Amino acid sequence: MENSGSDAKEKNMLFKSKESYVKYADEAEVELGLGLSLGVGQYSRIVKEKEFIDDHSTKSCSSSSSSSSSGTKRGADSVSPPCSGVSSQVVGWPPIRAYRMNSLTNHAKPPISEEFSSSVEKHETGNNIEKSKKTTNEKRLVSSSLLVKVNMDGHAIGRKVDVNAHGSYEALAKTLDDMFHKPNTTMTAKRRLNSEVQGGIMGLLDGSSDFVLTYEDKDGDWMLVGDVPWEMFLNSVKRLRIMKTSGANGLGPRCQERRGSQRIQPI
Amino acid sequence: MPIKMSHSSFPEEVLEHVFSFLISDKDKNSVSLVCKSWYEIERWCRKRVFVGNCYAVNPLIMTQRFPDLRSVELKGKPHFADFNLVPDGWGGCVFPWIVSMARAYPFLEEIRLKRMVVSDEGLELISTSFKNFKVLVLAACEGFSTDGLAAIAANCRNLNVLDLRECEVEDLSGHWLSHFPDNFTSLVSLNIACLGSEVSYSALERLVTRCPNLRTLRLNRAVPLEKLPNLLRRAPQLVEFGTGAFSAEVRSDVFSTLTEAFSGCKQLKGLSGLWDVVPAYLPAISSVCPALTSLNLSYATIQSPDLVKLVSQCPNLKRLWVLDYIEDFGLQVIASSCKDLEELRVFPSDPFVAEPNVSLTEQGLVSVSEGCPKLQSVLYFCRQMTNAALVTIARNRPNFIRFRLCIIEPRAPDYVTLEPLDTGFGAIVENCKELRRLSLSGLLTDRVFESIGKHAKKLDMLSIAFAGDSDLGLHHVLSGCDSLRKLEIRDCPFGDKALLANASKLETMRSLWMSSCAVSFRACKLLGQKLPRLNVEVIDERGPPDSRPESCPVERLYIYRTIAGPRFDTPGFVWTMEDDA
């Protein structure tokens with residue numbers, strides 16, 4: 001994915017160099033154009049560097065060329081992490097109204113809480129909408145959710161879950177159970193009375209299930225979920241994986257002996 | 001007004017009568033230009049005015065020219081304010097307008113505002129100044145609280161419409177609704193969907209019961225599903241209905257009451273709301289689906305197959321707003337079942353991640369363009385596009401009027417050929433000769449602007465982001481698009497040259513917005529000097545632009561034509577360029 005991105009950018013540069021600019025492009029424009037091809041955010045950086053330069057045009061040209069070459073490195077960096085997505089760093093992009101954003105953010109909460117809410121919870125939902133509205137009043141839209149990818153062994157399509165929307169490991173496990181227990185149903189809560197639920201992937205945390213819940217932390221290591229305090233987990237989780245216990249490489253269910261945090265072979 | 005003979009052989013009364021048949025503002029404006037006496041007659045009988053940019057005129061000019069208005073519509077902030085590109089406090093305050101109108105138009109009936117800052121004080125003034133006030137529509141407005149709404153409810157005895165569309169309201173409590181007096185029965189349309197707090201259900205029920213002409217009711221998310229049957233039973237004449245959160249514990253008694261209530265609504269044509277949908281409750285609305293012409297599922301978190309099943313039950317849809325959970329497959333189903341579809345909007349469910357979470361691609365748009373012959377208005381968020389797809393879409397649907405495509409990753413090329421999407425968008429403007437609105441995205445060079453300048457002769461509004469190579473691109477647009485009135489640009493390498501070369505074009509447009517582009521302060525000053533009928537606003541949060549070199553690009557630039565001169569309410573980060581050198 002990253003490779004095709006940088007290839008495209010290279011191709012784009014070649015493509016543009018064949019264009020003839022004649023009337024309206026002077027050197028400064030061409031350099032700005034090249035700078036632009038290197039990736040989102042490059043342009044605004046070039047502009048900022050120009051701010052502090054003398055107003056002599058040749059000087060601006062040379063500074064923009066130096067920033068475009070340093071921009072090459074930034075371009076590469078911004079392309080590499082697939083999860084962050086370049087678009088999330090840009091203000092007001094994708095162009096979605098703040099009002100709609102609020103609804104999306106609230107949607108990231110596990111639907112199960114909506115289904116069984118009493119009127120008290122409904123009122124809290126109202127307050128949450130208010131809080132999110134205040135958040136989006138800031139100029140840079142900052143999502144208050146922490147969406148991480150979740151993959152489950154045997155399921156081709158991964159999902160995403162908002163870990164910030166949960167208060168505990170138990171809540172998270174419950175959500176994941178809902179998400180993956182019946183792969184063909186929609187992402188909403190199911191009837192609690194359904195006895196099938198009992199035998200599903202419930203018990204992710206206590207080892208009674210056929211699956212274990214693991215996560216990739218900031219250092220790229222795969223760990224068993226549940227070892228560290230919840231807040232610490234929130235700070236380091238990058239993505240989740242629900243593994244068949246057979247794949248947990250000899251570590252076995254968590255209820256068996258453990259020495260500090262356990263590491264699993266990376267997949 | 002005395003009857004007198006004008007220079008033509010018709011007495012004024014006759015002319016006035018003739019003018020009363022004119023509907024469009026454009027025609028009325030034209031009539032005003034014929035001669036002085038026609039101008040005079042027309043201005044006295046004009047009842048409704050639309051001001052597309054509140055700073056293009058001022059309240060005094062309006063009240064002096066039109067002494068007897070009944071309906072005023074104002075728009076404030078530029079469109080890109082929707083995406084947080086306009087800093088808070090920029091302007092668009094409606095209070096001075098309300099003060100003037102309160103003085104000049106005691107019989108005013110309708111106020112419609114978009115992207116304006118409205119205060120509680122303003123709402124209170126509205127509620128007490130106009131005895132026959134009927135319609136208040138606030139779209140994307142902010143600055144007021146539920147206290148202001150309480151004043152409207154309490155004082156506007158003849159209110160027909162209270163429509164809050166996607167406003168940012170300081171929600172102090174839901175109690176405001178209870179301020180509608182017991183003898184208040186004139187409500188026709190109520191839209192409170194954007195409010196957070198719970199309103200009193202019993203107050204709402206009583207209100208709905210005593211307003212027999214209620215046609216539109218859009219509830220907020222806080223109204224639970226269990227409350228819907230009571231409301232619907234009291235208003236079976238509803239034409240448009242927006243639910244609250246469409247979720248509850250699944251119970252057959254709730255389900256059957258809900259089903260029965262919906263089936264009683266024989267006039268229902270539009271449905272919206274539907275937050276937090278529990279699919280088990282969807283069949284409750286089956287009875288109204290065949291009659292629906294408008295369906296807004298853009299907050300509904302339902303996915304396939306429930307989503308597809310739902311839309312396939314609505315063959316008469318003209319307007320569909322939906323999340324990308326609809327996927328290519330769902331759009332294919334729509335293409336085969338919704339032959340009357342005129343407007344489609346597909347919003348992203350997870351816009352901040354580069355990788356797709358759903359299977360929605362360019363193919364979905366191709367399908368609907370093939371299958372829906374009346375499709376004329378599209379807003380489509382997706383993650384990949386090809387020139388070939390766009391060309392196909394353009395050839396299928398030359399009747400597009402609005403085409404807004406948002407490829408989520410900025411500067412994304414054709415994902416198959418890795419080329420820019422110039423050819424694709426070029427095909428759109430070439431084939432769709434009636435195109436009035438266009439939003440571009442993806443990797444684009446100056447070539448696409450050449451096509452736009454050459455072909456998009458009816459284009460009224462153009463939105464550009466992360467596109468183009470040089471000033472040549474902007475030049476093509478400014479010199480070629482004869483009908484262009486609104487141009488908004490962000491993060492493009494367009495600078496001084498194109499603007500200065502096409503400066504006079506700017507006076508034929510309503511407004512130009514440019515942010516994170518390459519327009520220097522020097523060029524802004526020059527434009528301000530040379531074109532006195534424009535306000536050239538530099539919006540820059542880095543401090544005064546003259547504290548930096550003149551060649552420095554400004555952060556944001558907003559240029560609009562005006563007969564009111566520079567505005568007096570600019571905040572500290574906005575500088576209006578002076579007219580005189």
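Chain B has an accessible surface of about 21,200 Å², and carbon and sulfur atoms account for 52% of that; accessible areas come from the Shrake-Rupley method with a 1.4 Å probe, and for residues only the protein chains shown count as cover. Chain A exposes about 13,600 Å², with 52% supplied by carbon and sulfur atoms. This is a predicted model, in which local features need pLDDT of at least 70 and side-chain atom pairs count only at pLDDT 80 or more, while totals for chains, interfaces and linings use all residues. Residues are numbered from 1 along each chain as its sequence is written, chains are lettered from A and ligands numbered from 1 in the order in which they are written, and side-chain values use heavy atoms, leaving out hydrogens and water.

Chain B contains 19 helices and 23 strands; helices (H or I, at least four residues) and strands (E, at least two) are DSSP runs, numbered from the N terminus. Its radius of gyration is 25 Å, close to the 25 Å that the globule rule gives for 581 residues, so chain B is as compact as a globular protein of that length. The radius is taken over C-alpha atoms, and the rule is 2.2 Å times the number of residues to the power 0.38. Of the 581 residues in chain B, 62% are buried, where buried means under 20% relative accessible area, exposed over 50%, and partly exposed in between (1.4 Å probe, protein chains only). In chain A, which has 9 helices and 6 strands, buried residues make up 46% of the 267 residues.

In soluble globular proteins, nonpolar side chains tend to be buried together. A nonpolar core is a set of buried Ala, Val, Leu, Ile, Met, Phe, Trp, Tyr and Cys residues joined through side-chain atoms within 4.5 Å. The largest one here has 200 residues, and those touching the most other members are B:Trp176, B:Phe246, B:Leu297, B:Phe403, B:Ile452 and B:Leu487. A second, separate core has 24 residues, among them A:Met152 and A:Phe233.

Leaving aside neighbours within four places in sequence, B:Phe403 is in contact (heavy atoms within 4.5 Å) with residues including B:Leu390, B:Ile393, B:Phe425 and B:Arg437. B:Leu390 and B:Ile393 are among the buried residues of helix H14 (residues 387-396) of chain B. The cover over the buried residues of H14(B) includes helix H13 (362-371), strand E16 (402-407) and helix H15 (422-431) of chain B. In helix H17 (residues 471-480) of chain B, 9 of the 10 residues are buried, so this helix is largely enclosed by the rest of the structure.

B:His79 lies in the loop between strand E2 (71-75) and helix H5 (95-104) of chain B. It is buried, with a relative accessible area of 14%. Its side chain makes a polar contact with the side chain of B:Glu488 at 2.7 Å; such a contact is a pair of N or O atoms within 3.5 Å, where within protein one must be able to donate a hydrogen and the other to accept it, and residues adjacent in sequence count only if both atoms are side-chain atoms.

Some backbone sites remain. The peptide bond from A:Trp93 to A:Pro94 is cis, with omega near -5°, and a cis bond also joins B:Ser304 and B:Pro305, with omega about -5°. B:Leu274 is not a glycine, yet has a positive phi of about 55°; B:Leu274 is buried, with a relative accessible area of 0%.
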